[in-house]
Structures are given as C-alpha cells and as structure tokens.
Amino acid sequence: MKFNKLLLAMMLTGASAPAVLADELVDTTTTAEVSAEVLGEQSDKDVVQVEEDVDTLDVVEGKLDRYISKVKSSLKQSGKAHKVFVFSGTAELSVDRNDARWAKYRERALEEAVMNARISYLETLNTSVTNNVISSMTSNNGLPTPTEDDFKTDSKMEGFIDKVIAVLDGKLDGELNEMGIDPKQFNAATPSIKRDLYKQSVVEQTVRSSYGNLSGMVVVKQYEEITESGHGTIGVAMVLSANKRDEIKAMIDSHGEVAPREYKANKQFASLHQMLSSKKDSLYLKTGTDVLYDAEGYPMIVAYGQSGVAYSKSPTKKKIERKIAKKFATNNAWANLSRAYNLNGDLKNKTSIETQKSESEKFEWIVDSVRSTSSGLTQSLIESMEERAAMQSSIQNMTGVSVEYDWRRKHPVTGHEMVGSVLVWHPKKVTNAKNLASGKSETQLDQAVQKEVASSRHSAESEDTFDAADF
C-alpha cells in the first residue's frame, strides 16, 4: 500500500490515520478548529463609509483586535490554541475617490494588508539578531583663532575644483534666478570655517532577519473603513494551521487521487456556479483560498482573485479596461493558489538610533577681520530604519484547474468597478483532464467516467454551512 504525503504528515503530527485507504486515494480528513459561527460571514456590513475626521486605522485595528480576541478565545476553549495561529495586517488607501484608478489602488492596498499579516507571522520564524552599541567623545580646547590665510586656498586640487565650479556658474545663476535669488548676493556669501569643540554620541544599531514557510495562511476576515473622499484603511485577519497547509499541499500533490468525505457532502446547491453566484455581492471581500466540499464530499481548492477597473467615460475604453482587469484578476487567483501551496519569505530589518551632544564654533571672514559665533551645547536624536521583505511562491505543471466563475460589481462606498475570477481545483477535473491529455479514446474516457461512484458534475456547500476553520 502506498503512503501518500498527507498520510505521512498525519503520522508526524500524531493524528490517527485510517486503517485502509480506499483505492489508494488521498484522505484529506482534518479536524475543524474554529467554528463557522466564530469566523463569521463576510458582507457589505464590513465595508463602512465614515466622516473625514475619523481615524480609519484606529477603527480597523479596533475591529481586528475584537475579532481576533473572539477567535483566540474559541481556540483556547477547544484546546487548539497551540496549533492554530491568528495574525492581522493593515494598509492605507491614500487616493481620492475621483481618481480613475481608485479600484486598482484599493486592490493593491488589500494585497499589502495581506502581506503585512504574513510579515507578522514571518517575524516569528527563524529569527537572528545582531546588536552593536558604540559610544564616542571628542573635545578640543585652546585652538587658535583662524587668520586671513586660513580662509584662502593654495591647493592645486581645490583650484581645479574652483575652475569646474566656475564653468557651472552660468547654469547655477539661471537656476537661482528661477528661484528668485539674486546670484550676486549668493556669490557674495562670506567664507566660513566650522569646527567642533565638543562632541559626544551613542549609536545603537540592531539588525534582525527572519525566514520561513508561509504556506497555508488563510484570510478569514476583511474590514474596510473608507472616508467620503475615498481615503481609508483596509485590514485583514489570517489564520494559519499545519492541518490546512498539509491538506492543500497533499491535495495538489495527489494529482487528483483524492478520496471523498461523505459526511462533508452538501446537497444544498446544484452546482459550484450556483453557490458562487449566490455569493456574488460579497466575493470582493474574498482573497486567498478556501477548501469547499461538493455533493459527494470531494474537497475542492477554491482560489479567489480580483482587480480594479480603471474608470472611463468611453464605452469602448471601458470594455478594454474590463478585459485587462480580468487578466490581472485571473493571475491574482493563480498567485493565491501558488501561495497556499508553496510560499517562502525572507525579512531583514535594520534600525539605528544616535543620541548626540555637541558644541561648535563658526568663524567668518568679513572685510578684513574674523568674526566668531558659538552654537552653545546642543542635543540631537537621529533615528533611521530600513526593512525589506521578500516572498516567493511557485507551482508547476498544474492540470485541470480553470476559472469557474467571473464576477463584476461596484464598490459600495465609491461606486468604482471591480472584477474577479474564481479558480477551482477539483480531483475529478484533474483526473478527467489527465485522461484526455493521455490520448485515451472516447470509449476509454467513457469507461473511466463510468467507474466513478457518481457523475463528475461539481457542486459545493454555501458559505453559511462551510466550516471555514477546517484548517
């Protein structure tokens, strides 16, 4: 008997494995970890128009905090807080609603929020830290006052530089005139010398790096707070569990050899298209992937993608923009499927903080004398930060995956148009596509279908009954 990858994952995690795998098919059984009631259902109520003076980031973060607290409480009560983790991310939407590409900026903000949630998880993985602190101090007393000769230069190199500068004077004069500055006054600036009398600084530098596997993170909630002008904040909550990650990977690696789970079968809808159509108005709040089950209990991987449509008054141009947006939406769905299967990330963060105390003096040559001024003792604090996150995913040689549903609707707050595509991986579709690609005759294809326990027509449960936490 063959042990597929999921079975191996179950053995490693201590889950009980079925004694017999019917026809050597993959058994995708996992344990529901958060109830659908706790996760909630997405709808337009999660997208709110607010007044201009509202701090949308504060509102979204508050909603995410309350939502995550509810989910974590459920996990704790069920004794599963040790294997299911919740993360959140936000992103700012800083474009006016009158911008023709507002919907595109919104979609990018949604992707940024998802990325920030992934970064929150990435920061907990394989982290290395280096820290350096440097203290320095210098003091100069009793230095002689500069003379007239100190303001002059005899250096050949400095003389050469002066000639180069002279060549550029013409261009500089023109730019100064454009800025409203008199070139004569600018050139008449007195020569000066500056030197430090005292300087003390403490510099602390921290470099932190992380890397790891980000596959299997699922978006379970999305909030949008949009002002009347179109600015606002988008926030998402994401759930990660090893079960969901292993389940999706095992399904794809099975090449369609997946066993149904009859107890998960749902008879409410006649087709997947009907289920998605019934949820058309809320699909713009769907991103990433789901695992649904058809009328026979077969699992399906559903990947959602979307894009904004650039506004145009021209009917012809509008059709072109819709066509282009659909291509981006389809690629976005494929990217989400790839990320669910195989996503790795690297993060590097570098911060530097310097506190400084200093005193300096400045000497200027005016006519035929030297004038000096002192800054007195001054304090300063200088901060700098650099961060770079890189995430890569890939999926190869997929067969039988296709767009099962396209949608289009207007954003409930701004009215800008959005489009989306829904990709579906179904074990029967994969098997049928492989049979057809193998060169089998029509009779052989019919015989293969007859061997199925039921027909190859797809159906799925509704979001109301879908256990979204079957991670």
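Predicted model: local features only at pLDDT ≥ 70, side-chain atom pairs only at ≥ 80, totals over all residues.
Student: Why are H7 and H9 called roughly perpendicular to each other?

Tutor: Helix H7, residues 242–253, packs against H9 at an angle of about 110°, with the two axes 8 Å apart. Angles of 65 to 115 degrees count as roughly perpendicular, and H7 and H9 are therefore given that name.

Student: What makes the contact between H7 and H9, and how do its residues divide by class?

Tutor: On the H7 side the contact is made by Ile248, Lys249, Ile252 and Asp253, and on the H9 side by Leu337, Ala340 and Tyr341. By class, these residues are 5 nonpolar, no polar and 2 charged.

Student: Which residues of H7 are called buried, and what cut-off does the word rest on?

Tutor: A residue is called buried when its relative accessible area is under 20%. In H7 that description applies to Asn243, Lys244, Glu247, Ile248, Ala250, Met251, Ile252 and Asp253.

Student: Why are H4 and H9 called roughly parallel to each other?

Tutor: The axes of H4, residues 102–122, and H9, residues 315–341, cross at roughly 5° and come within 14 Å. Angles under 35 degrees count as roughly parallel, and H4 and H9 are therefore described in that way.

Student: What makes the contact in this pair, and which classes does the contact of H4 with H9 hold?

Tutor: Glu107, Glu111 and Arg118 of H4 meet Asn332, Asn336 and Arg339 of H9. The contact of H4 with H9 has no nonpolar, 2 polar and 4 charged residues.

Student: How do you know that the span of H9 agrees with its number of residues?

Tutor: At 1.5 Å a residue, the 27 residues of H9 should span 39 Å, and because its end C-alpha atoms are 39 Å apart, the two values agree. Among the residues of H9 that are buried are Asn332, Asn336, Leu337, Ala340 and Tyr341.

Student: What part of the whole protein is buried, and how many helices and strands does the protein have?

Tutor: Buried residues make up 43% of the 471 residues, and the protein has 11 helices and 13 strands.

Technical notes. Residues numbered from 1 in each chain as written. Heavy atoms only, no water. Axes fitted to C-alpha atoms, helices over the stretch in contact; angles between N-to-C directions. Helix = DSSP H or I, 4+ residues; strand = E, 2+ residues; numbered from the N terminus. Parallel < 35°, antiparallel > 145°, perpendicular 65-115°, else oblique. Contact = heavy atoms within 4.5 Å. Nonpolar A, V, L, I, M, F, W, Y, C, P; charged D, E, K, R; others polar. Expected span 1.5 Å × (residues − 1). Buried < 20%, exposed > 50% of the residue type's maximum accessible area, 1.4 Å probe, protein only.
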